[in-house]
Amino acid sequence: MRTPYISSKKLSDIDSELEKAVFLASYYSKKQKIRRKLAAVILLFKHGLRGLLFSWPLYLLPFSVLAMPEQFKYLFILFLSPGLYVSFIILKKGILEDYSNFVAGHLLNDGYQHMLLFAKQL
């Protein structure tokens, strides 16, 4: 299924040298660079919000340290670190995967923001 928000061909699928040169000229234009940067921010927001909604109980775990005696308050960082690390790894993988599937090597047309937020697959 093709969406109207990205180009019909990916850079790696173009065989003609002329077509590849025209594609690259458009791909490296200022407008496309701004669109790719905005797409990265949108993906960061999308995956960050999903991660927060999915693993919110993990972020509540450090508050258990409030029930401990005063000398164990440093455990807050200890309890929070594994959750943040796992969330960061999952977040990074999702962002990079979506960026390579939807943004890298594609020309982004008007409306690509909606496609990035709501599309599940090309």
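## Basis

Residues are numbered from 1 along each chain as its sequence is written, and side-chain values use heavy atoms, with hydrogens and water left out. In this predicted model, local features need pLDDT of at least 70 and side-chain atom pairs count only at pLDDT 80 or more, while totals for chains, interfaces and linings use all residues.

## Helix H2

Helices here are DSSP runs (H or I, at least four residues), numbered from the N terminus. H2 has 25 residues. Its first and last C-alpha atoms lie 36 Å apart, close to the expected 36 Å at 1.5 Å a residue. The expected span is 1.5 Å times one less than the number of residues.

Which residues of H2 are buried? They are Gln32, Arg35, Arg36, Ala39, Ile42, Leu43, Lys46 and His47. Buried means under 20% relative accessible area, exposed over 50%, and partly exposed in between (1.4 Å probe, protein chains only). An α-helix has 3.6 residues a turn, so residues three or four places apart point the same way. The buried residues of H2 pack against helix H1 (17-27), H4 and helix H5 (112-118).

Arg35 sits in helix H2. It counts as buried because its relative accessibility is 12%. Beyond its neighbours within four places in sequence, Arg35 is in contact with Leu108, Asn109, Asp110 and Tyr112. Contact means heavy atoms within 4.5 Å.

## Helix H4

H4 has 28 residues. From first C-alpha to last, H4 reaches 41 Å, close to the 40 Å expected at 1.5 Å a residue. H4 bends by about 30° at Ser81. A proline, Pro82, follows within four residues. The bend at a residue is the angle between axes fitted to the seven residues ending there and the seven starting there.

Buried in H4 are Leu75, Leu80, Gly83, Ser87, Gly94, Ile95, Asp98 and Phe102. What covers these buried residues? The cover includes H2, helix H3 (56-60) and H5.

## The largest pocket

The largest pocket has a volume of about 310 Å³. It is lined by 14 residues. Those nearest its centre are His47, Gly51, Ser87, Ile90 and Leu91. Helix H2 (30-54) and helix H4 (75-102) are the elements that give two or more residues to this lining.

On a 1 Å grid over the protein atoms alone, a pocket is an open set of points where a 1.4 Å probe fits, with protein on both sides within 12 Å along at least five of seven lines; lining residues have an atom within 4 Å of a point. Points are joined across faces, edges and corners, and a volume is the space filled by probe spheres set on them.

Pro62 lies in the loop between H3 and H4. Is Pro62 buried or exposed? It is buried, because its relative accessible area is 1%. Leaving out residues up to four places away in sequence, Pro62 touches Phe76, Phe79 and Leu80. Pro62 and Leu78 are 16 residues apart in sequence, with C-alpha atoms 8.3 Å apart.

Phe79 belongs to helix H4. It is partly exposed, because its relative accessibility is 28%. Its contacts, apart from neighbours within four places in sequence, are Leu61, Pro62, Ser64 and Met68. The C-alpha atoms of Phe79 and Phe63 are 9.1 Å apart.

Ala104 lies in the loop between H4 and H5. At 23% relative accessibility, it counts as partly exposed. Ala104 is in contact with Lys10, Tyr27 and Tyr99, neighbours within four places in sequence aside. Ala104 and Tyr27 are 77 residues apart in sequence and 9.7 Å apart, C-alpha to C-alpha.

Leu24 is in helix H1. It is partly exposed at 28% relative accessibility. The C-alpha atoms of Leu24 and Lys9 are separated by 12 Å.
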